[in-house]
Amino acid sequence: MDRTSLDQAAIELNSIKKSFGGVHALKNVSFKINKGEVVGLLGDNGAGKSTLVRCISGIHTPDHGDILVNGKVVSIESALDARNVGIETVFQDLAMVPEFNITENLFLNREIKHKNPILKWLGWLDKGAMERRSKKALNRLNSRIPSYDEQIHHLSGGQRQAVAIARAVNWGADIVVMDEPTAALGVEQSAQVNELIKVISSQGVAVLLISHNMQHVVETCDRAVVLYQGESVADVAVADVTKEDLVALITGAKSQAA
Amino acid sequence: MSTDSASIALLKQFAFKREAFIYYIFILVLVIFAVFLHDTAFLTVSNFMNIIRQMAPITVMAVGLTFALSVGHIDLSIGSVVALSALVGALLLQYTGIPMAVAGALLIGGVIGLINGVLIERMQVSSLLITLGTMGIVTGIARQLTNLESVPIINQDFTFMFGAGDILGIPILLIWTVLIGGIGYIVMQKLAFGRHLLAVGGSPKAALAMGIKVTRIRMYSLVISSVAAALAGLLYAGRLHGARYTLGEADLLTVIAAVAIGGTSLFGGRACIVGAILGSWLMGMINNGLILSGFSTNEQMIARGVILIIAVAIGVKELKNG
């Protein structure tokens with residue numbers, strides 16, 4: 001198995017199980033992501049991808065199994081817990097307020113307050129500081145975003161995706177989970193997002209990429225984990241397999257070859 | 001770029017925004033009346049001071065309603081809260097001092113706002129229906145409270161503080177307007193709370209995903225609008241030296257029209273406090289101009305309705321254009 005130079009697990013899932021009533025959405029999922037690694041999470045509809053993402057981002061709590069972050073078992077019972085252990089999720093709808101500008105979205109509910117203790121207690125915003133941080137965050141991604149005070153609804157889909165990624169990274173996330181980041185994007189914009197994913201992984205961030213798009217996975221990911229009927233059935237280095245192999249794993253026509 | 005051309009660019013940007021509309025219509029109406037009523041007292045400082053004093057309760061309610069609208073709620077109960085708070089304040093003044101009377105009246109407002117908020121969140125029903133219901137209940141209580149009798153206020157300190165007084169020649173009602181408008185502006189524009197209100201109004205899903213306590217924020221917004229209405233009740237009581245169940249009865253339409261024309265979205269996510277203040281003054285100016293032109297109360301009511309519809313039409317058109 002190929003490993004990156006930073007051979008250290010950022011996040012590790014051990015036999016995660018989750019059921020809803022009688023439905024076993026996740027039966028047994030185990031894999032890990034090293035620092036700076038991009039892992040694709042593949043699987044057919046209903047294979048359990050969304051449930052897994054929700055377990056990692058704190059929307060669901062697993063019934064069984066451990067999640068380890070940087071080698072320590074963590075308990076993630078809310079979105080806030082996930083954030084506190086360094087996991088940021090970029091949801092499909094991006095969770096942004098269209099009327100707000102980029103800076104306001106980057107700092108939504110994590111505003112920088114004024115230094116004066118009284119004003120800070122009131123929640124007085126330090127808009128200058130937020131704008132400076134926001135410029136830095138955008139520069140760090142070399143993204144082609146016009147300006148930090150542009151309103152979100154004036155941006156293209158790819159640019160919005162970039163802002164959502166910038167927000168995740170800006171909060172010092174060690175692990176970024178992305179749910180179908182290119183699903184709604186054209187070819188060129190998808191390429192831009194891929195580029196961004198490479199930039200943040202080169203900065204040591206572990207990325208879990210949920211995608212339907214095989215081409216996207218092959219281009220961006222180091223490894224691919226395949227879910228089939230709630231189980232992780234394959235964990236392969238992308239360089240070692242063909243797209244056809246991956247499809248066979250997803251459809252269950254073939255169990256792990258590697 | 002020099003600072004001059006930068007500010008000109010900013011000004012240009014603003015000139016085409018929805019928020020700027022109120023300035024144009026304000027000036028337009030002002031000019032029209034000034035021309036048609038050139039032989040009356042319309043265009044005098046004292047007339048405008050009068051308008052501002054008269055509209056002070058409306059202005060305060062408009063600032064409060066802006067908070068409810070910012071999260072996407074409407075609060076129809078504000079008119080009824082005005083009457084109840086004024087009556088409660090006036091009754092309490094017969095037994096206790098000003099602090100207790102004022103606290104009691106504002107508390108009534110806060111409690112009604114909280115009830116509105118809790119019912120909306122618990123039942124997951126639109127604020128329109130819940131506040132329509134509380135409007136009926138509160139109106140009924142206000143009528144019952146004194147058997148339709150008015151309650152006079154003889155406490156001169158109270159009428160000074162909440163109506164007739166002036167400090168260094170500045171009417172106290174103008175001071176109240178500036179104070180409440182200023183607080184509203186700061187909270188909405190400068191504090192994190194204001195960002196959260198607008199985030200909840202603009203995209204509840206995003207707000208929730210970012211960990212904002214959406215339910216709580218929505219409830220606060222209704223408490224604020226209701227407390228502001230209670231304060232408006234005290235301002236009426238102070239100016240009129242007494243309270244009556246009819247206070248605030250006809251204000252709902254005026255307040256909604258004022259806020260809507262001022263640039264606040266009726267669907268949440270955009271709030272404009274300065275616009276709400278100017279909007280309320282615009283409504284006052286129109287009333288005043290129509291009276292001076294010899295129109296009746298009925299015709300003023302028609303004018304208010306027309307303005308609300310114009311404001312809504314602009315808002316909806318903008319919504320469609322994205």
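Mentor: Let us start with a definition: helices, of at least four residues, and strands, of at least two, are DSSP runs numbered from the N terminus. On that basis chain A has nine helices and ten strands, and chain B has 14 helices and four strands. Please keep in mind that this is a predicted model.

Trainee: How do you know that the radius of gyration of chain A agrees with that of a compact globule?

Mentor: The rule is 2.2 Å times the number of residues to the power 0.38. For 258 residues a compact globule would have a radius near 18 Å, and chain A has 19 Å, which agrees. The C-alpha trace of chain A spans about 60 × 40 × 35 Å along its principal axes.

Trainee: Why is helix 6 of chain A called roughly parallel to helix 7 of chain A?

Mentor: The axes of helix 6 (residues 157-170) and helix 7 (residues 187-202) of chain A cross at roughly 15° and come within 9 Å. Angles under 35 degrees count as roughly parallel, and therefore this pair of helices in chain A is given that name. The crossing of helix 6 and helix 7 of chain A is right-handed. Helix 6 of chain A contributes residues including Ala162(A), Ile165(A) and Val169(A), while helix 7 of chain A contributes, among them, Val193(A), Leu196(A) and Ile200(A). By class, this contact has six nonpolar, five polar and no charged residues.

Trainee: What makes helix 2 of chain B roughly parallel to helix 13 of chain B?

Mentor: Helix 2 (residues 21-36) and helix 13 (residues 273-292) of chain B pack at an angle of about 20°, with their axes 10 Å apart. The angle lies under 35 degrees, so helix 2 of chain B is roughly parallel to helix 13 of chain B. Their crossing is left-handed. Among the residues of helix 2 of chain B in this contact are Phe26(B), Leu30(B) and Phe33(B), and helix 13 of chain B supplies residues including Leu278(B), Leu282(B) and Gly289(B). The classes are ten nonpolar, three polar and no charged residues.

Trainee: Why is Thr177(B) called buried?

Mentor: A residue is buried if 20 or more other C-beta atoms lie within 10 Å of its own. Thr177(B) has 24 such neighbours and therefore counts as buried. Thr177(B) is in helix 8 (residues 172-190) of chain B. Leaving aside neighbours within four places in sequence, Thr177(B) is in contact with Ile52(B), Ala56(B) and Thr59(B). Thr177(B) and Ile277(B) are 100 residues apart in sequence, with their C-alpha atoms 8.3 Å apart in space.

Trainee: How do you know that Glu180(A) is partly exposed?

Mentor: Partly exposed residues fall between the limits of 12 or fewer for exposed and 20 or more for buried. Glu180(A) has 19 other C-beta atoms within 10 Å, so Glu180(A) is partly exposed. Glu180(A) is found in the loop between strand 7 (175-179) and helix 7 of chain A.

Trainee: What makes Gln229(A) partly exposed?

Mentor: Gln229(A) has 15 C-beta neighbours inside 10 Å, and therefore receives that label. Gln229(A) lies in the loop between strand 9 (223-228) and strand 10 (231-237) of chain A.

Trainee: What is the phi of Glu180(A), and what is the phi of Gln229(A)?

Mentor: Glu180(A) has a positive phi of about 45° although it is not a glycine. Gln229(A) likewise has a positive phi of about 45° without being a glycine. Most residues other than glycine have a negative phi.

Methods. Residues are numbered from 1 along each chain as its sequence is written. Chains are lettered from A and ligands numbered from 1 in the order in which they are written. This is a predicted model: local features need pLDDT of at least 70, side-chain atom pairs count only at pLDDT 80 or more; totals for chains, interfaces and linings use all residues. Axes are lines fitted to C-alpha atoms, for helices over the stretch in contact, and angles run from 0 to 180 degrees between N-to-C directions. Angles under 35 degrees count as roughly parallel, over 145 as roughly antiparallel, 65 to 115 as roughly perpendicular and the rest as oblique. A crossing is left-handed if the near helix is turned anticlockwise from the far one by less than a right angle, and right-handed if clockwise. Two residues are in contact if their C-beta atoms, placed from the backbone, lie within 7 Å. Ala, Val, Leu, Ile, Met, Phe, Trp, Tyr, Cys and Pro count as nonpolar, Asp, Glu, Lys and Arg as charged, and the others, Gly among them, as polar.
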